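Keep the 3D view open as you read.

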Protein chains: 2
Amino acid sequence: MVHNDTTDNEPVADRGRVTISEVANLAGVSPTTVSHVLSGKRLVGEATKGTVQEAIRQLGYRPNAVARSLRTNRSKMVAAVVPDITNPFYAVLTRGLADAVDGVGYGTYVCNTDGNRERELAFTHDVLDRGVDGIVMASVDVSMYASVGPSAVGTPVVCVGGIFDHPRVDLVAVDDEVGAHAATKHLVERGARRIAMIQGPAESGTARADGYRRALAEAGRECDPRLMARGDWTRRGGRQAMQQLMSLEERPDAVFCANDLTAIGALDTTRELGLSIPADVAVVGFDDVDAATIVTPALTTIRNPAYETGMAAGELLLDRMLGRYDDVSRTVILPCPLVQRQSA
Amino acid sequence: MVHNDTTDNEPVADRGRVTISEVANLAGVSPTTVSHVLSGKRLVGEATKGTVQEAIRQLGYRPNAVARSLRTNRSKMVAAVVPDITNPFYAVLTRGLADAVDGVGYGTYVCNTDGNRERELAFTHDVLDRGVDGIVMASVDVSMYASVGPSAVGTPVVCVGGIFDHPRVDLVAVDDEVGAHAATKHLVERGARRIAMIQGPAESGTARADGYRRALAEAGRECDPRLMARGDWTRRGGRQAMQQLMSLEERPDAVFCANDLTAIGALDTTRELGLSIPADVAVVGFDDVDAATIVTPALTTIRNPAYETGMAAGELLLDRMLGRYDDVSRTVILPCPLVQRQSA
DNA sequence: TTGGATCACCAAATCGTTTTGGATCAATTT
DNA sequence: AAATTGATCCAAAACGATTTGGTGATCCAA
């Protein structure tokens, strides 16, 4: 009932944002014309174009992106749905994505799912409601896409890592199996006799374990199930798994860890046991995070190209968002080379 | 496990998203009424409320956030303007911010400025154009706010780190001076005789150097300018600065580094020179990033509470966004305790 | 019967753009 | 002279929600 809240509630601004019609008024033209000098989609006389640009400059006009989004049905924004931005891998990936799309005027919206399926679903709805133009899903469980059907709504999606079979969802991944194979093969060639592996948790994929087994098989080795421990991608998990492996009567003399954090945890254990790396036990990780070069001895690992992954995902998205590509799902496989340091 | 409600929930793929008037049609009411059952801002009869909710469920209706934003002039989105999300400190800070506002329904939009003033300005415009409800500025140069004047547009802003004097911009920071003082004092008490410091680049603030000097003064020491080297916040910079310090005829026996990466670089140098830490030279860092516990010897450092900083910034923002606070600028100072490990 | 509440609902305006289909006028062609 | 063509510009309709000011009922008290 009280109408004078403009003076009450607005402490600073008697003037909010400048709208297109204010510009039009000042320039003595219609909003249509202003829009056209901005977009260049229709011809505008040189003289009036000048007047309008001057008015824009004078008022400091900037188009309201929300209104534009509503009308054009595109937000110039992409979403990165990741487990945790705090994880360097996803931080770097997100940066790669942002850099890929930034130049074309797209902003980046990030969601941390914590690998929680409910959060993942909630965020997927959230970003679709917000009308993002593209989504990069780097989260654990992408199967629920069948129920959300974002591509049915028409929003391009690219999945990283996971294998996700949908006719219009692009994929970018590293060949985990090949990388794991290279890592294990390196240990074999180094002369290791008993090569263990610390896997991820049971829910995660088996590609890295597959590569490990293949390398072993190619070397004519048995795959001793006691040498397959499980971590949870964390440093602590790696430490515990390594303790378990080292309490076997026949200790392994090499261990391939499914990611770097796990490997760093494994190094913790060897240090606690007074073992020497790589003499007593050789360790190779997977990911090549920054920490791999910080730990001593520096970690031999498989480079997981986070930045390039984000970039590639961004490119795939752009192709679809800009209409450069509109066909069945594509897959980009990035190489993951061995980078040899001190630990193996 | 997957029950038959899929038939009800199935997304209607006919044409784009479901709008409020489609719901209204199906329920036999007006869009107004649908809006009211959604918002609860006006009474709706129990019977029709039921019908409407059923229609919503049946069509899988979700309100278009863009349209809502346009009308209500609030986007339920906050922006994190940081130098680089790849830097763990800012990643953690961003996560803290996201966690603070997520529960209340706010999403997070992130911008990487690279400490580049132009990018910072461009992103500030970008997020204002997008109508974010709040901005956290964690970027180097916040002085240009005078020229943009976001608070003049009415969008709440909180600055982290930098000292920024604007009547309505909230601040959250760590007391760098006190932290640096504690670090240096620790070195004094440990018995170090010649305590050096590796500062940040010249453009950065002097608070940490001030704390260093104060601790020295309190111990009755001279502040030898030759012991003040400069890094650039990076590992490499720390390594080089440390080389410089170690080539002095009178080597320092302790060094306080303005951040952890610098300290890790300094450790690189000591390792290359075959010096023992902390016996030959004690090192303390600043930030307590993950890497501080990964490096050997583990780094004694000052804990810079990134997550809490982001959280606090989020809270300050929420206060203003939700109208819980609307007054002059507030400042939150977070403690930055010494965490003692092996390097000093 | 009248008047005032209280319910339950709706029509229409609004947010700030973009986009489409003209309208106007001068220049050019037929 | 009439018709066509361009060059400029504008009015009005979207986009999909929220919000405001009604409008009928219904009910109760005077």
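Pro297(A) sits in the loop between H14 and strand E10 (300-303) of chain A. The peptide bond that joins Thr296(A) to Pro297(A) is cis, with omega about -5°. This is a predicted model, so take that as a feature of the prediction. Another cis bond runs from Ile277(A) to Pro278(A), with omega near 0°. Pro278(A) belongs to the loop between helix H13 (260-272) and strand E9 (282-287) of chain A.

Asp114 is another backbone spot to look at. In chain A, Asp114(A) has a phi near 60°, a positive value in a residue other than glycine. Most residues other than glycine have a negative phi, and most peptide bonds are trans. Asp114(A) is found in the loop between E2 and H7 of chain A. Asp114(B) is partly exposed, with 14 other C-beta atoms within 10 Å.

Now zoom out to the sheet. Twelve strands make up an open sheet with mixed pairing, in the order E11(A)-E5(A)-E4(A)-E3(A)-E1(A)-E2(A)-E2(B)-E1(B)-E3(B)-E4(B)-E5(B)-E11(B). Why is one side of each E11 strand left without a neighbour in the sheet? Strand E11 (331-334) of chain A and strand E11 (331-334) of chain B stand at the edges with a single partner strand each, so one side of each has no neighbour there. On average, neighbouring strands of the sheet are turned by 20° against each other, direction ignored.

At the join between the chains, E2(A) and E2(B) run antiparallel and are linked by three bridges. Thr108(A), for one, has Val110(B) as its bridge partner in E2(B).

| Strand pair | Bridges | A facing pair |
|---|---|---|
| E1(B) and E3(B) | four, parallel | Ala79(B) and Ile135(B) |
| E3(B) and E4(B) | three, parallel | Met137(B) and Cys159(B) |
| E4(B) and E5(B) | three, parallel | Val158(B) and Asp170(B) |

Helix H6 (residues 88-102) of chain B packs on the sheet, where it touches E2 of chain A as well as strand E1 (77-82), E2, strand E3 (134-137) and E4 of chain B. The direction of H6(B) makes about 165° with that of E1(B). From the other chain, helix H7 (residues 117-129) of chain A lies across E1, E2 and E3 of chain A together with E2 of chain B, and runs at about 180° to E1(A).

What does the contact between the chains take? It uses 39 residues from chain A and 40 residues from chain B. Among the elements that give two or more residues to the chain A side are helix H5 (65-72), E2 and helix H14 (291-294). H6(A) gives the most, with six residues. By class, that side has 20 nonpolar, twelve polar and seven charged residues.

The DNA comes next. Around DNA strand D there are 27 residues, and Ser30(A), Gly45(A), Thr48(A), Thr19(B) and Ser35(B) come nearest. Helices H3 and H5 of both chain A and chain B each give two or more residues to that surface. DNA strand C is surrounded by 27 residues, with Ile20(A), Asn64(A), Ala67(A), Gly45(B) and Thr48(B) the closest. The surface near DNA strand C divides into ten nonpolar, twelve polar and five charged residues.

Finally, chain A as a whole. It has 15 helices and twelve strands. Its radius of gyration is 27 Å, while a compact globule of 344 residues would be near 20 Å. The C-alpha atoms of chain A fill a box of roughly 90 × 50 × 35 Å along the principal axes. Buried residues account for 49% of the 344 residues in chain A.

Notes:
Residues are numbered from 1 along each chain as its sequence is written. Chains are lettered from A and ligands numbered from 1 in the order in which they are written. This is a predicted model: local features need pLDDT of at least 70, side-chain atom pairs count only at pLDDT 80 or more; totals for chains, interfaces and linings use all residues. Two strands pair if DSSP finds at least two bridges between them. Axes are lines fitted to C-alpha atoms, for helices over the stretch in contact, and angles run from 0 to 180 degrees between N-to-C directions. Two residues are in contact if their C-beta atoms, placed from the backbone, lie within 7 Å. Ala, Val, Leu, Ile, Met, Phe, Trp, Tyr, Cys and Pro count as nonpolar, Asp, Glu, Lys and Arg as charged, and the others, Gly among them, as polar. A residue is near a molecule or strand if its C-beta atom, placed from the backbone, lies within 6 Å of it. The radius of gyration is taken over C-alpha atoms; the globule rule is 2.2 Å times the number of residues to the power 0.38. A residue is buried if 20 or more other C-beta atoms lie within 10 Å of its own, exposed if 12 or fewer, and partly exposed in between; C-beta atoms are placed from the backbone.
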